[in-house]
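Reader: I'm new to reading protein models. Could you walk me through a couple of features?

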Amino acid sequence: DKLVSSYPNEPTSLHFAGITKYQLGLYSESLTLLEKVVQAAPSYAEAHNSLGIVHLEQRNYQTALQCFKQAISLKPDYANSYTNLGSVFRKLENLNDAADAYNTALEYNPYSTDAAYNLAATYLTLDDAEKALDACERCLAIDPHCQNANAYKAMALLRLEKKNEWKELYNYDDFIHQLNLEVPNKFESMQDFNAGLEQDIRNHSTLTWEPLERVTHGGAVTRDMMLKPSKTILAFEKSLRKAIDEYIETIQSDSGHPFLNRAPSRYRITLIASILRAKGWHPPHIHESSWLSGCYYVRVPSIVENSTSDHAGWIQFGEPDYAVPEKCTLEITARKPKEGLAVSFPSYFFHGTIPYDEEGERIGIAFDVYPM
């Protein structure tokens, strides 16, 4: 901001200020700065690319498409813009064009994990599991810990009917784990503890209804509550860490497994809270950079507690984040939320929530564990 104030037409300062505003979720301010860059420096390919990313995030797909095409026209070997172009084509359901864009990105940058795993997802939507698996293996050769590649690899193995290999990655019984948290000393009961957490969540300054950068429909989400934690959140983190440490002690290390080979001795935790209302849900997604993920349930409406066969409001595993061809069979499982319970799983597990119809709020705290 100081640089932009002092040098209002200097393209590099404007560009990085625009990127920073985007990363803070300030999309309107970001667009203003980036549009000013491309006006002041129309041949600045990276600025056109950044402008396209913001429009892509805001679901302005045709505008984003033109931004990425402009960046490529200025810089024909711009691998990152080809990757972003592929992502726009996927949103527009132009899957063959998307595959071509990702392949071109990999020609210019063979080490692009983003292009490789997005290519895998595109091939899965096109029902070409062999090519998807090849793209995943290519990505994992670059980064063995790429959770997107592990997630899509599991889906490709399932489509190829390599059930035993799929189960090595996705054995629900082995990898979905219940964490039992102790009630911190300052609280009289679990109900008292959850009431304190709920108050902190409702009052959190970053709680936003359906933020663009979060996969949530019909609900509100915070940013990381550990950035400025309250005393109650710090007490929660301490209790959660104790439960995670106890779980880690039970893990049998396996050097060839993407989850079992990374159990950390030191780690950091992020905490993202959400409030879902009737008909709200979290669509299928993974947590890209962490090792272990999970959710602690602060409040669960009665319809979720009482649901059985329809699994209303449950957390569901195994449905991917791409359009599944009709003839594909998935392996789906679900777990019932319970107040005071935390459910953990490998971060590459596709998971989401099943909507429920009746009134009542479902409040949870999603957590991610990052090895240090």
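Reader: Are α10 and α11 roughly parallel or roughly antiparallel to each other?

Author: First, a word on the source: this is a predicted model, where local features need pLDDT of at least 70, side-chain atom pairs count only at pLDDT 80 or more, and totals for chains, interfaces and linings use all residues. Residues are numbered from 1 along each chain as its sequence is written, and side-chain values use heavy atoms, with hydrogens and water left out. Now, angles under 35 degrees count as roughly parallel and over 145 as roughly antiparallel. Here the axes of α10 (residues 147–159) and α11 (residues 163–170) cross at roughly 150° and come within 8 Å, so the two helices are roughly antiparallel.

Reader: Which residues of α10 and α11 make the contact?

Author: Contact means heavy atoms within 4.5 Å. From α10 you get Asn150, Lys153, Ala154, Met155, Leu157 and Leu158, and from α11 Lys163, Glu165, Trp166, Leu169 and Tyr170. They divide into 7 nonpolar, 1 polar and 3 charged.

Reader: Is Thr216 buried or exposed?

Author: Buried means under 20% relative accessible area, exposed over 50% (1.4 Å probe, protein chains only). Thr216 has 7%, so Thr216 is buried. You'll find Thr216 in the loop between β2 (208–209) and β3 (217–221).

Reader: What joins the side chains of Thr216 and His282?

Author: A polar contact is a pair of N or O atoms within 3.5 Å, where, within protein, one must be able to donate a hydrogen and the other to accept it. The one between these two side chains is 3.1 Å. Thr216 and His282 sit 66 residues apart along the chain, yet their C-alpha atoms are separated by 4.7 Å.

How values were computed
Axes fitted to C-alpha atoms, helices over the stretch in contact; angles between N-to-C directions. Helix = DSSP H or I, 4+ residues; strand = E, 2+ residues; numbered from the N terminus. Parallel < 35°, antiparallel > 145°, perpendicular 65-115°, else oblique. Nonpolar A, V, L, I, M, F, W, Y, C, P; charged D, E, K, R; others polar.
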